[in-house]
Amino acid sequence: METLERIQPNRQVMAFILMVFLSQTRPEPIRYSVLEETESGSFVAHLTRDLGLGIGELAARSARVVCDDDKQRLQLDRQTGNLLLREKLDREELCGPIEPCVLYFQVFLETPVQFFDGELSIQDINDHSPIFPNREILLKIPENSQPGAIFPLKLAQDLDVGSNGLQKYTISPNSHFRVLTRNHSEGKKYPDLVQDKALDREEQPEFSLTLMALDGGAPPRSGTTMVRILIMDVNDNAPEFVHTPYEAQVLENSPLDSPVLTVLARDVDAGSFGSVSYGLFQASDEIKQTFSINEVTGEIRLTKKLDFEQIKSYQVEIEATDGGGLSGKGTVVIEVVDVNDNAPELTISSLTSSIPENAPETVVSIFRIRDRDSGDNGKMICSIPDNLPFILKPTFKNFYTLVTEGALDRESRAEYNITITVTDMGSPRLKTEHSITVLVSDVNDNAPAFTQTSYTLRVRENNSPALHIGSVSATDADAGANAQVTYSLLPPHDPHLPLASLVSINADNGHLFALRSLDYEALQAFEFGVGATDRGSPARSSQALVRVLVLDDNDNSPFVLYPLQNGSAPCTELVPRAAEAGYLVSKVVAVDGDSGQNAWLSYQLLKATEPGLFGVWAHNGEVRTARPPSERDAPKHRLLVLVKDNGEPPRSASVTLHVLLVDGFSQPYLPLPEAAAEQAQADPLTVYLVIALAAVSSLFLFSVLAFIAVRLCGRSRAASLGRCSVAEGHFPGHLVDVSGTGTLSQSYQYEVCLTGDPGTASPHLSKEPENFF
């Protein structure tokens, strides 16, 4: 009992429990009849009408017809609803002598599952003639046999049944014998030869008569055999069996040549008339093939394997004959004992190999189980493993339905191998296993997922068009078209950002490309969204943020704001001869449109009229006296200052300063000697033209400077990341006052605007006049 409990799974279903008929089943089976040997494809019935179903319902509900013997002898036309014969039916092959001959079948429909029992009665036709087992029957009759004596003859076999079966026997006319048709308890008709007149061996020692068997068909069929009668000398005692009937039990798995039992008959006569021999009497072909009897000992042995599921018992007629020709009859009843030699059988009637994920309870398979054994050997248990999301439901008689326990998830598991185990209750237990593979088909229930929620890409300015600047990637847990991802650019949040002309994305692989050359000074960074959409129905999508940082390139040379380099008359700085060392002569002010170290400026004095008199501070561009001027120094000096950035490679610009040494600011400003000579030589018209040209040039220069300042600040604010702050590094204050103690003709303030992050700031200087001397 403990062993039984261990092997029973939690979900086992006892097959031998009488199942309650479902509400969908029909209480009474539908019955039809058809003549045997009817051609295949012949019409049997109209199931749609007989089952009370609607037109097309059989096809819509996947109706099927299943026969009990597992052979598809019927076929169903789902479109018309007609039940047709798949093959010719031979009643004798299907049922043998059994009458009526009924073919049992079931009609079952899906969605919802519904069953109907059906019975097809196969009507016999007269297609067989009676046949005697031998062409001649030999009888030995003693001459002292009295009129009225009856001598059994061997019967004829007719495979037809009912009125088409064997009905009577006749014998050729003669004066001594007639035939009598006798009905046996099994329904068979036996011929008995009746003696009508005393015999005289000396007068006629032998008779040859024709025995005819007639069936009841229209027209009737017949079969004949010859009856040869030999008249024997007197032997007045026939053998008699000690027991009748004999009974025996034989296991169906008994080996061949196994003894069944031994019969015994005695004859009180002496001599050859008392010698007995044994044999089978009027045995069918099945009995002749299964059993044999020893003529001398009467031992019956097995000559063919037994099968309880085919034949459960045999009734064997035996005959004991003495040396004088007299015989006695006996019966042996042999019962076949069932053993558990048949494993359970499982037949799949309906199978769905692919189930969509997220579907509710779904029918996977409908199958039937059967065990050909009997008793406990035929009782069955049906089960599946516990760790699967499937359950077994008893549906109708020995039919089961395998259904999903709930919705399945393909992303968790895409395939299930289900083993259905059917075990009988015999000893030893036999089992049958059948494996079903169920595939979970994909449903578009997962949106693409980006590997990052945001991406930061860096691209150096002045890039070549169509440059690959980076990639985004998204994966989809679905399969097939549901997992095929297409990338796209999303409309930018900033309506002024020309995203379509800046970048593009490869829809298949997410590669991003810069469509045109980028300018850091115009656009330091920008953001946009990318979308990933699968090809499912309906499609699912997700988004990610991409931030592009434009890296600065040293593509701008320093620009000198002061002194002005406009091609007009140079600006001259005045320095008193009494100035001390370190006196501020002037300040070279320059800016660089780049950022970071590309905008770090350094100043260098390249040439000077008097080397060693003036110097330039490398970091702020201040021009100061290196020593006090002396009387020996020339009054006019020309200084060439180089402004260089810190880029790689560095860029530079140069500016020329004119310095005039004077004795003091109380002296009126006198033009240079060369200028005085030129003025003396120029006529008044030339002077006027020079003045007008200088005025126009000054106005143009101020306009250009104002335009550049407005553009630089405007672009910085448009990039959304730019900011103006107090100058750091080279410019210590918000306003760089260069008035100092020098002798600049004007006092200037320079506003420093830093763009980009503090680490990569680039100064932009705008000059505003403050006051005049």
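Trainee: Which loop holds Pro 219?

Mentor: Before that, note that this is a predicted model where local features need pLDDT of at least 70, side-chain atom pairs count only at pLDDT 80 or more, and totals for chains, interfaces and linings use all residues. Residues are numbered from 1 along each chain as its sequence is written, and side-chain values use heavy atoms, with hydrogens and water left out. Helices (H or I, at least four residues) and strands (E, at least two) are DSSP runs, numbered from the N terminus. On that basis, Pro 219 sits in the loop between strand E14 (206–215) and strand E15 (222–232).

Trainee: What is omega for the peptide bond from Ala 218 to Pro 219?

Mentor: Stay in that loop between E14 and E15, where Pro 219 is found. The bond from Ala 218 into Pro 219 is cis, and its omega is near -5°.

Trainee: Is Asn 462 buried, partly exposed or exposed?

Mentor: Asn 462 is in the loop between strand E34 (454–460) and strand E35 (467–471), and its phi is near 65°, positive in a residue other than glycine. Buried means under 20% relative accessible area, exposed over 50%, and partly exposed in between (1.4 Å probe, protein chains only). Asn 462 has 39% relative accessibility, so call it partly exposed.

Trainee: And which class does Ala 466 fall into?

Mentor: Ala 466 is in the loop between E34 and E35. Its phi is positive, about 65°, although Ala 466 is not a glycine. Because its relative accessibility is 54%, Ala 466 counts as exposed.
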